[in-house]
Amino acid sequence: YTYGQLRVARDRLLLNLYYNQNDAGRTVQLYTGAPIVEQSRTWSAQAQYGTVVGGRADLTYGVDLQRIIPRTGGTIHGRNEGSDEVTQGGVYLNSSTPLSSRWNLVAAARLDHHSRLNDVAVTPRLGLVFQPVPRHALRLTFNRATSTPLANDLFLDLRVANDLVGLPYEIRARGTSHRFSFRRDCGGGLCMRSPFVGNSTAFLPLDATLAWQGLVQVLQHYGVDISAVPAPTAGAVSTNLGVLNLATRGFDPVTAAAVTDVPAATRSYNSTFEAGYRGTFGDRFNASFDFYHSRLTRVRTALAAQTPNAFLDPVTLEAYLSSYLPPQQAAAAAQAAAGIPLGTVSPVESDSTEVLLIGRQGASADFWGADLALAARLGSGFTVSSTFSWTSKDLIPGDAGLSDIVFNAPKRSGSLSVAFHHPGSGVGVELAGRAQSTFPVRSGEYRGTVGSYTVVDGALSWRLRWLPGVTAGISATNLLDHRHQEFVGAPVIGRLVTARLRTEF
């Protein structure tokens, strides 16, 4: 990663410019082994200023600009390479206005434009702060935030696997810069394509028996011969639909009614109501508490197969084969044949029989949360602090063809620390414990559960008298060497000890 930043500040004027670039080096695709090129770059610029209006309202306003330039050599964005650049711009205004000696009104609004979504999003914030006495404050706020699709969400065009269980079906991941729609005018129902029937790009009625001759050849490869059996009709053998399950590598049954168009990517939103308290008791004790409710809308879920495959129904197929083969042979042949996909329900926007992995958008979720932080100064240089966080959900089951919403974070986590600092000698000591609950993970290929764990961290620092201005320190994460995993796919970790020298001029 290469980056550079230029920042200029004068009074309330702030100018900021930065540039990021990355290079994937010799990265290869996990399944195909094909090289991955990733040399994308981002330019970003911000300008901000503040002023007081009418002697009361404190205004802060500014503008953000960002230019994202993907460069993947066709290995990630495929056919979208060269037409995948994005420009985003936003303007914002924030105000803080005292209504009285105890009440303060905070209001903000932001407008954002995205060149690919071609929209303008308005995200407001409104808060009321009540301060009955100088060291105690209560607040009630509403905030609506927006999140734009990532470049991969829009432009992904990546071959994930060369074939499907040795059959002529590529597995390809696609972004949703445009809509994917399914035809339903082939014999009055869904349309499919088949690599076993003449022109594989032609739309056909959803009828797996049309690919009978291709099935005969595939079964012969596996030592099953049904070449003497005439091709059945759709009335004799039914067609089932199954959608590829990335976790099991099998096919889950699905109905034709469940196959719906995939809309183009758009923004997702998070609307949050929050109530909070922050206070100081005397000179020794601080406390803060926040309680909130969030509603997520238009959430984008993980990549999943959206193009079901057509299979022969095993029950009606066995009955049909029994007219030409001995019962035991008919049952074995039906079981083998029913597991072979004979077609793909392809969208109009695809010209092949590929199994497409596409992220859907439109899920929604509601959850509650709370955060607590306490700190106490005990005297003689000792401080005790504690934090606790809670959310009501870590997974929300998907519906209407949408995947689960998984937060990849625990419902409960907390910490407790004791610290000592002696200003005269510069000696500091801290001992802290961290704990969190079990939580599920769905992040690309990494799926599973992270177990709960509790670890202890420690730190020691001291000022070097013989080197003025220099402080030495040593810290240990997971001091007791409790081996644990903090995310699915990450290694099991133990104790980590680091040393540091710090100097101030």
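Of the 505 residues in the protein chain, 36% count as buried, where buried means under 20% relative accessible area, exposed over 50% and partly exposed in between, with a 1.4 Å probe and protein chains only. The model is a predicted one, in which local features need pLDDT of at least 70 and side-chain atom pairs count only at pLDDT 80 or more, while totals for chains, interfaces and linings use all residues. Residues are numbered from 1 along each chain as its sequence is written, and side-chain values use heavy atoms, with hydrogens and water left out.

Turning to the fold, the protein chain holds four helices and 29 strands, taken as DSSP runs (H or I of at least four residues for helices, E of at least two for strands) and numbered from the N terminus. The radius of gyration is 30 Å, whereas a compact globule of 505 residues would have one near 23 Å; the radius is taken over C-alpha atoms, and the globule rule is 2.2 Å times the number of residues to the power 0.38. Along the principal axes, the C-alpha atoms fill a box of roughly 95 × 55 × 45 Å. Among contacts (heavy atoms within 4.5 Å) with a separation of 6 or more, 59% join residues 24 or more positions apart.
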